[in-house]
Amino acid sequence: MYGQVLLLNGNTWEPLCVISVPRAINLLIANKAVMVEATGRFLRSVRSEFPVPSVIALKQYINVPRRHAAWSRRGVLARDDYTCIYCGARPGDAPRGKLLSKQDFTVDHIVPRSRGGKDTWTNTACACYACNHRKGDRTDREAGMRLRWEPKTPRTSYIVITMSHGPDTWKKYIEIKP
Ligand SMILES: [Zn+2]
């Protein structure tokens with residue numbers, strides 16, 4: 001009767017799994033997760049009442065071992081921890097006198113899409129706006145820009161949940177695959 005709670009990973013908010021309400025409340029009380037969406041219902045005990053969650057997110061990002069890690073832009077940025085693969089800039093740095101925030105970081109295609117480069121973990125990496133702009137429609141070699149690390153397929157994935165079981169509040173957190 002309590003229903004179920006969608007658990008999101010920390011930082012990326014990728015869906016991890018579906019858990020029971022008591023387990024979700026335990027994570028919230030233990031300060032390991034934050035409430036993202038509430039159901040509007042309350043769990044009442046003699047001394048207190050607790051809002052029943054519908055969606056919660058872990059406070060920390062965890063690596064989930066899986067065979068098939070689905071590619072996504074948010075996943076690339078999380079994998080690279082918002083660090084530019086070309087110049088190493090990070091949010092909080094001010095390389096050209098301008099303070100960088102997470103919004104200044106984009107996903108760069110090492111072989112550009114216009115040249116047949118694909119949306120894959122090994123062909124994409126986080127790049128700051130300036131480097132992405134400078135590289136433009138060229139490969140890293142053509143642009144003379146060196147990769148600071150080799151982009152790898154992470155051991156993490158976005159699970160796909162059968163939507164027929166989930167409430168509406170879950171929909172925006174779940175990437176529905178045809
Ligand atoms: Zn850069």
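Modeller: Begin with a loop residue: Thr120 lies in the loop between β5 (105-109) and β6. Helices (H or I, at least four residues) and strands (E, at least two) are DSSP runs, numbered from the N terminus. Residues are numbered from 1 along each chain as its sequence is written. This is a predicted model, in which local features need pLDDT of at least 70 and side-chain atom pairs count only at pLDDT 80 or more, while totals for chains, interfaces and linings use all residues.

Colleague: Is Thr120 buried, exposed or partly exposed?

Modeller: The class comes from a count of other C-beta atoms within 10 Å of the residue's own, with C-beta atoms placed from the backbone: buried at 20 or more, exposed at 12 or fewer, partly exposed in between. Thr120 has 14 such atoms, so Thr120 is partly exposed. Thr120 and Pro151 are 31 residues apart in sequence, with 9.7 Å from C-alpha to C-alpha.

Colleague: What share of the protein is buried?

Modeller: Buried residues account for 24% of the 178 residues.

Colleague: What is the order of elements along the sequence?

Modeller: The pattern is β-β-α-β-β-α-β-β-α, that is, 3 helices and 6 strands.

Colleague: How do the strands of the open sheet line up?

Modeller: Two strands pair if DSSP finds at least two bridges between them. The open sheet has 4 strands in the order β2-β1-β4-β3, with mixed pairing. Its edge strands, β2 (15-20) and β3 (33-44), each pair on one side only.

Colleague: Which pairings involve β1?

Modeller: β1 (residues 4-8) pairs with β2 in the antiparallel sense over 5 bridges. In that pairing Gln4 has Ser20 as its bridge partner, and Leu7 stands opposite Cys17. The β1-β2 hairpin has 6 residues between the strands, and Asn11 there takes a positive phi near 70°. With β4, β1 pairs in the parallel sense over 3 bridges, and Leu8 stands opposite Ala57 of β4.

Colleague: Why is β1 described as largely enclosed by the rest of the structure?

Modeller: Because 4 of the 5 residues of β1 are buried.

Colleague: Where does helix α1 lie?

Modeller: Two residues are in contact if their C-beta atoms, placed from the backbone, lie within 7 Å. Axes are lines fitted to C-alpha atoms, for helices over the stretch in contact, and angles run from 0 to 180 degrees between N-to-C directions. Helix α1 (residues 21-29) lies across β1, β2, β3 and β4 (49-58), and runs at about 80° to β4.

Colleague: Which residues have the most contacts inside the largest nonpolar core?

Modeller: A nonpolar core is a set of buried Ala, Val, Leu, Ile, Met, Phe, Trp, Tyr and Cys residues joined through C-beta atoms within 7 Å. The largest has 14 residues, and those with the most contacts inside it are Cys84, Ile85, Cys126, Ala127 and Cys128. α2 (73-79) and β6 (124-128) each supply at least two residues of this core, and the largest share, 4 residues, comes from β6. Beyond its neighbours within four places in sequence, Cys84 is in contact with Ala89, Phe105, Cys126, Ala127, Cys128 and Cys131. A second, separate core has 13 residues, including Val5, Ala24, Ala33 and Ile56.
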